[in-house]
Each structure stands twice: as structure tokens, then as C-alpha cells.
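Hi everyone, thanks for coming along. I'd like to walk you through one part of a model this morning, so let's bring it up on the screen.

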Amino acid sequence: MSEEKKVPTRPLPKLTELDTAEFWRGTKDKEFRYQKCANCGTVVWHPRAHCTGCVDGDLQWHVSAGQGTIYSYSIVRLSYHPFFRGKAPFAVAYVDLDEGPRFLTNVVGVDDPGADVHIGQRVQLHWEEYEELSVPLVTPV
Amino acid sequence: MASQKRDAAIVGIHEYPSRDVEGKVNSLQIKAASAAKALADAGLNWSDVDAIYDAGEGGPMSGLMISEYFGIQPTVIDTTGVGGSSYEFHTAHALQAIREGKAKVALLTYGSTAHSNAMAIGAGGRGGGISPGDNMETFAGQTLIANYAMVAHRHMHEYGTTSEQLAEISTATRYHAMRNPEAVQAMTDLEFVGIQETTIEDVVNSRMIADPLHLLECCMVSDGGGAVVIASPDVAANCKKPPVWILGTGEATKYPQNGADITTSAGAQSAPIAFAEAGVTPAEMDIAMIYDSFSITVLTLLEDLGFCAKGEGGAWVEGGRLRFDRPNDGPALNTDGGGLSSNHPGMRGIFLLLEATRQLRGESTSQVDDAKLAIAHGNGGMLGARHSAGTVILGRN
């Protein structure tokens, strides 16, 4: 056993997951990629290999402009997760990007999450960088 | 009611009494002990069971293992696992199997040592699986409580629902729990602070766990389990206790979708199917056993099951309306004390069937006079994300 205490880190996605790998590869360049079907127009989220709107789908990758609106949120005040327990209180939110995808994320860059985060609030992407990828967080516009 | 089909009935039940087994009993032992007691309650034996239903909480490939452990030879094996509502799904499937003549006696069991294992169900991290959905979400550190809390925030935003209104769910279930000796023992064993009836102020002044949900709006994490025996009419006619008929069932799932309304659950899909099959309406229900993982779960489901319109749940529950001694105000809610104050080892769905059956037998500790009809609605998974809904309508003779 090493003397060094292992510092807990944010749980990161696996680049080996086949449906979502293309999205996460894009985050290294701070691109929020999403799929839209060229056949039926459905915006598919989470990413996957097939269109959920039609059976002869033609999914194309697009890049979001990175602006969106908070659909709902909560402030986590109790977490037993090794990393997140030290981050509490922190805000989790569903964000509706202007292009359609609704994704789960954290709202950062606020002094008091309990007072400074709201439904309907406009936010923009804020990338947290790691070696192989970046994590798409949001911050108020 | 005349046209109702009576193809299968709950004839035996048992709720495992302990909520804290101190690590001395495992989940399979809880399942087997409960099964034996439920069969005895019906006046049946292991050898009568020809259909087994299992949600897999005892281990992987439970369909291969559970019959051996019990020592039975069923010819219908169903391992539907959809979280906390699995037992409502099992009831629906047992009704179908018995109606088709494929089985006569179905056994449903549940056992969990979530408390002894110190499982952080509500405030733990998310699992390490790599389903594509999870691979997009685990980085955010959303606890299960926070997921339900997001539904509550949106409900407040859309409809003006208040924390005081949500607290009505907690005070009603605690009111019932204080009348149930097993619930009082559970709260004692789990070292609850303040084992007494609660007020709205108690609830909204309790510690915030995930905004806007307070401590007293969150279910306990207990050990426990139970069993249900479902039988055909000819078997039911010779059982020890009066049958509780399965009049209608419905199933559905829901998941995150772009632009979707998270204040409406999969229950809005499953409930109309169950009510139509049963030929009854929400207004006729005497008892509402609704999965109270959190206050918001019940409020959302009261709307989705049709007791009131979407968005009106907050006003509808005000003034202690859900208590068992207010029979003219609609159904009594979770008269055993619920997951909030009696029993929640992780998948509460089976307890909804147990207490609904007790009410229709006249055996509840918060008995509603002359209770004739009950709804048991299970919610599995996460209300604000991917979740399951199982609705069961029950009626007595």
C-alpha cells in the first residue's frame, strides 16, 4: 500500500461505450456534438447508433452553439460519493440546449447555488478539461 | 362492478417484521421465510406453487436459482425486474398466467438487507455500469434524491406547488405509521429522531437533503421483505382467508426525452389501462397504496392516477385529506406508514400489495371502514429520468 492518499476524482465517462464514444471524443476539442436525423428531423439524445424517430434514419452529427436553458435543477446537499461529498452543496440540472438536446449537468460559477440557480435561467457551456476528454458543465450567461 | 372479471386473487400475504436484521439474515432467507408464512396464511404449501415471480434482488439469473432454494417445481418462471414496481408487474403477469390456465398458484417474494449493508440508496453515487444513458450522466454526481427533487422543482415552477403541500404526504403517512406497531418498531430500530406524529412545520423545517426535498420527505433505508400468493378462483375458494381479487393491471415505462414534461410519470400511461380493465374509477377507491419513495412521488402519482388533474395535487392533498379517518375525502394513503415511516428496503412495491390486501380483509392498523376497492401503484427507477409504473386495482368479494 502506498503512503499517498488517493484523491477522489470526478467519475468520467468511458470512451469505450460505443453509442456515446463519438460525443466524448468531440469534447476534447470542446465540441458538444449531437445527432439529428436527416430523414425525419428527430434530434436524438443521448447519442446512439439508430434514429428513434424513423426506421430508415440518417443520423448526422452537428455541433451545438453551447447556449441553453435550465429545465429543472436540484442542489445536492448530501452525497456519500467519494468525490461529490466534498463538493456539496452543488447544483445538478437538466439543461435544454437551444438545438434540442436535454442533458444532465452541473451548474458552476455561482456563489450560492441555492440562491443563484433557477428554472428558465439562460446558461452556456463551461468545459472542465481532462486528459482525454472534457466534461460539459454550464454556467449562467 | 357486475361485469368485473375475477380470474385471480391474492390469497396469502406476509410482511417480514424486522427492518434491522443486524446482518444475521440474508435476503434469500427473508424471501423464503416470508414465502412460507404467506403460503401458510393462504392454507397452501410449497408443493402447490406452479408459478414463480422474482425481481432478481437475490442474485443474477434468479430464475435458475430461486426454485431450487425454495424447493418448488413451477412451470411458469418470470424474472421481470423493473425496480420498485416489479411486484405490480408480477401481479399483472400472474393474473395473465392464471387466466390462461398456465398456473393456479403464483408466488411473489422480496428480501433485502439494504440497511444492514449500509447501502446508500438515496444519496449514493450512481452505478458503475456503462449503459449509454449512464455514460452521459454519471459525471454530474446526481443523487437519486436529487433526481426526484428535480421533478419537485419543476412541479413547483409549473403549478405553484409548495413544500407545505408536499409535506402533507409525510404527515399523513407518519400519522398512519404511529398506529402500526411494526412501523414504530422500524423507526425505533433505525434510530429515527422524534418518533411521533409530525406537523407540516416539522417537515419543512427538517434538514434539506436535495432542494427542495427535506429529510422528512425522504423514505427510510431498512431491511425487510415479504411475499404474496396469488391463486385461481377454484384454489381461492378453499383458502383460509377471503380472496382479494385482481381487477385490473397496467404497465409502462418512461425515460428522459428532449422537451418532455417530467412532472408527468409513466403512471399516466399505466393507470387508465388498469382502471378500464377493472371497470372502476379513481373516485371509487377507498385505499391508495402509492409508492412513497419521496413526497413528490405521491403528489405526481395522485395526479397521474386520476385522483385530480395535473398540477392540482398540491391543493388536493391539503388539510390532512389523505388520512384514513377522512373516508369522505377520497382514498386513504399508505395506511401502513409507507416507505417514509414503515418499510423501504429499496424496492417497496410488494408492501403496497400487502397493505392493500390487509385493508380489503379488514386487517389494517389504520383500517378504513368497509374498504372495498384499493389501488396499488409502484414506481421503479428514477421519477425524473428512466422509471417504471405498475398499477394494480384490487377489490374484495
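Let's start at Leu394(B). Setting aside neighbours within four places in sequence, Leu394(B) is in contact with Ile10(B), Val244(B), Trp245(B), Ile246(B), Leu247(B), Ala356(B), Leu360(B), Ala374(B) and Ala376(B); contact here means C-beta atoms, placed from the backbone, within 7 Å.

Some housekeeping: this is a predicted model, where local features need pLDDT of at least 70 and side-chain atom pairs count only at pLDDT 80 or more, while totals for chains, interfaces and linings use all residues. Residues are numbered from 1 along each chain as its sequence is written, with chains lettered from A and ligands numbered from 1 in the order in which they are written.

Leu394(B) is also among the residues with the most contacts inside the largest nonpolar core, which has 147 residues. Such a core is a set of buried Ala, Val, Leu, Ile, Met, Phe, Trp, Tyr and Cys residues joined through C-beta atoms within 7 Å, and buried means 20 or more other C-beta atoms within 10 Å of a residue's own. The largest share of this core, nine residues, comes from α5(B).

So what about that helix, a DSSP run of H or I with at least four residues? In α5(B), 13 of the 16 residues are buried, so the helix is largely enclosed by the rest of the structure. After α5(B) comes Gly160(B), with a positive phi near 75°.

Finally, the partner chain: 30 residues of chain B are in contact with 38 residues of chain A. On chain B's side, α5(B) gives the most, six residues.

Note on methods. Buried ≥ 20, exposed ≤ 12 C-beta atoms within 10 Å, placed from the backbone. Helix = DSSP H or I, 4+ residues; strand = E, 2+ residues; numbered from the N terminus. Contact = placed C-beta atoms within 7 Å.
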